[in-house]
Amino acid sequence: MLQTVLDASPRTDAAAAQDVHVAAYRFMLLARLLDDKFAALYRAGKIHGGVFLGRGQEALSVSVGISLKKGDVFAPLIRDAAGRLAFGETVLDAVRTYLGSSLGPMRGRDGNVHRGKPQEGYLPMVSHLGAMISVVNGVLFARRYKKISGTVGAACVGEGATSTGAFHEALNQAGVEKLPLILIVANNQYAYSTPTHFQFACDSLADKAAGYGVEVQTVDGTDLGACLKVVGEAVARARRGGGPQLVVAELLRLCGHGEHDPNDYIDPKLWESPLGRDCLKVAEEYLLRQKWMAPSRVAILRNEIIREIEEAVAQVQREPAPDPFVEQWHSIATGHLNEGNEER
Ligand SMILES: Cc1ncc(C[n+]2csc(CCOP(=O)(O)OP(=O)(O)O)c2C)c(N)n1
């Protein structure tokens with residue numbers, strides 16, 4: 001969260017921008033190395049169910065998580081490890097969910113990307129295909145009715161989701177009600193194996209905003225600086241009462257849909273195009289050029305992160321799985337509302 005980063009270092013605008021960039025890069029690197037670890041555990045047969053990664057989408061994702069504040073709402077999707085971490089998720093909670101530990105936020109009942117802490121505005125995903133936008137709208141409505149002001153909600157989707165009814169209904173509702181929604185579309189060129197020319201017939205996905213009276217910006221999703229600026233400004237406009245904001249980012253998914261998918265359908269020309277740039281490498285080269293970090297510091301950071309991830313995995317592998325005979329099978333977020341249940 002941006003506020004947390006800036007509160008730690010109240011400095012000039014330029015220095016603050018540097019702090020945010022460096023903090024964002026750290027979350028991106030953490031997300032990438034954590035994703036790599038999940039991929040390795042999946043291949044070793046240590047993870048049940050799928051593993052879904054965000055390689056190539058970290059710059060966009062982190063910009064969302066870091067631009068939000070405590071009290072805001074965030075509905076990340078399967079490619080948002082960086083945004084989740086920047087919003088405050090711990091490595092331990094991510095590992096616990098993937099490895100099914102009963103000490104995790106979902107108590108080992110829900111796996112992989114289906115994790116969150118609704119009480120903290122961090123929503124566990126229902127589906128990747130647009131379903132979460134209305135859920136964010138719902139939380140924003142609830143806040144309006146409770147007269148809570150100053151908070152916003154961000155939902156992330158892919159370009160495939162923009163063809164679903166859920167996307168259009170939710171965007172229309174946000175436009176009519178002027179909800180402080182920031183809707184992030186990561187056009188990573190493929191919805192599973194479906195390329196964009198089979199997905200939409202408009203020139204740009206940004207064209208969809210006009211039909212709903214929603215403000216829209218486009219951004220190069222491979223460029224961390226551009227993503228921080230465009231997403232940060234969209235969040236600020238929504239917070240000032242400017243109504244819903246759509247952000248469409250162009251990038252390429254640098255991995256399969258999940259680790260089970262060899263992604264051999266991706267047009268080889270795309271890898272060589274500007275869309276195929278690795279945003280992590282771009283962000284790192286920028287940091288080094290600006291001399292915001294020395295190469296030796298980047299190497300140390302990488303080793304520190306690897307150690308943190310390895311320690312979390314070693315710890316979680318010793319933790320218990322849920323016990324079906326003692327587990328209470330009520331909803332995790334609202335279990336305390338059940339009659340006779342003191343648990344929170
Ligand atoms: C209603 C529904 N239909 C199909 C799926 C299976 N599915 C999950 S993700 C996905 C593709 C999503 O593509 P996109 O929205 O572009 O996001 P990306 O995976 O590229 O990030 C599909 C078909 C689903 N989860 N829910």
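In which loop is Tyr192 found? Select Tyr192 to begin. Tyr192 sits in the loop between strand E4 (190-191) and strand E5 (194-195). Keep in mind throughout that this is a predicted model.

**Stop 1: Tyr192**

Look at the backbone of Tyr192. Its phi is positive, about 55 degrees, although Tyr192 is not a glycine. Most residues other than glycine have a negative phi. Now show the surroundings. Tyr192 has 14 other C-beta atoms within 10 Å, so it is partly exposed.

**Stop 2: Phe200**

Move on to Phe200. This residue lies in the loop between E5 and helix H8 (207-210). Is it packed in or open? Phe200 has 16 other C-beta atoms within 10 Å, and therefore counts as partly exposed. Next, select its contacts. Setting aside neighbours within four places in sequence, Phe200 is in contact with Thr162, Ser163 and Leu205. Then draw a distance from Phe200 to Ala321. The two are 121 residues apart along the chain, and their C-alpha atoms are separated by 43 Å.

**Stop 3: Arg107**

You will find Arg107 in the loop between helix H5 (91-99) and H6. Arg107 is not a glycine, yet its phi is positive, near 55 degrees. Arg107 has 17 C-beta neighbours inside 10 Å, so it counts as partly exposed.

**Stop 4: helix H6**

Select residues 131-145, which form helix H6. Check its length from end to end. At 1.5 Å a residue, the 15 residues of H6 should span 21 Å. The end C-alpha atoms are 22 Å apart, which agrees.

Which residues of H6 are buried? Colour these: Met132, Ile133, Ser134, Val135, Val136, Asn137, Val139, Leu140 and Arg143. Now show what they pack against. The buried residues of H6 pack against strand E1 (73-75), strand E2 (153-158), helix H7 (165-177) and strand E3 (181-187).

Step past the end of the helix. H6 is followed by Lys147, which has a positive phi near 60 degrees.

**Stop 5: H6 against H7**

Two packed helices are described by the angle between their axes and the distance between the axes. H6 and H7 pack at an angle of about 25 degrees, and their axes are 7 Å apart. H6 is therefore roughly parallel to H7. The crossing of H6 past H7 is left-handed.

Show the side chains where the pair meets. From H6, pick Ala131, Ile133, Ser134 and Asn137. From H7, pick Ala166, Phe167, Glu169, Ala170, Gln173 and Ala174. By class, this contact has six nonpolar, three polar and one charged residues.

**Stop 6: H2 against H12**

Finish with another helix pair. Select helix H2 (residues 13-43) and helix H12 (residues 295-317). How far apart are their axes, and at what angle do they pack? The axes are 10 Å apart, and the angle is about 45 degrees. H2 and H12 are therefore oblique to each other. H2 passes H12 in a right-handed crossing.

Zoom in on the contact. H2 contributes Arg26, Leu29, Leu30, Leu33, Leu34 and Lys37. H12 contributes Leu301, Arg302, Ile305, Ile306, Ile309 and Val313. Colour the contact by class: nine residues are nonpolar, none is polar and three are charged.

Conventions
Residues are numbered from 1 along each chain as its sequence is written. This is a predicted model: local features need pLDDT of at least 70, side-chain atom pairs count only at pLDDT 80 or more; totals for chains, interfaces and linings use all residues. Axes are lines fitted to C-alpha atoms, for helices over the stretch in contact, and angles run from 0 to 180 degrees between N-to-C directions. Helices (H or I, at least four residues) and strands (E, at least two) are DSSP runs, numbered from the N terminus. Angles under 35 degrees count as roughly parallel, over 145 as roughly antiparallel, 65 to 115 as roughly perpendicular and the rest as oblique. A crossing is left-handed if the near helix is turned anticlockwise from the far one by less than a right angle, and right-handed if clockwise. Two residues are in contact if their C-beta atoms, placed from the backbone, lie within 7 Å. Ala, Val, Leu, Ile, Met, Phe, Trp, Tyr, Cys and Pro count as nonpolar, Asp, Glu, Lys and Arg as charged, and the others, Gly among them, as polar. The expected span of a helix is 1.5 Å times one less than its number of residues. A residue is buried if 20 or more other C-beta atoms lie within 10 Å of its own, exposed if 12 or fewer, and partly exposed in between; C-beta atoms are placed from the backbone.
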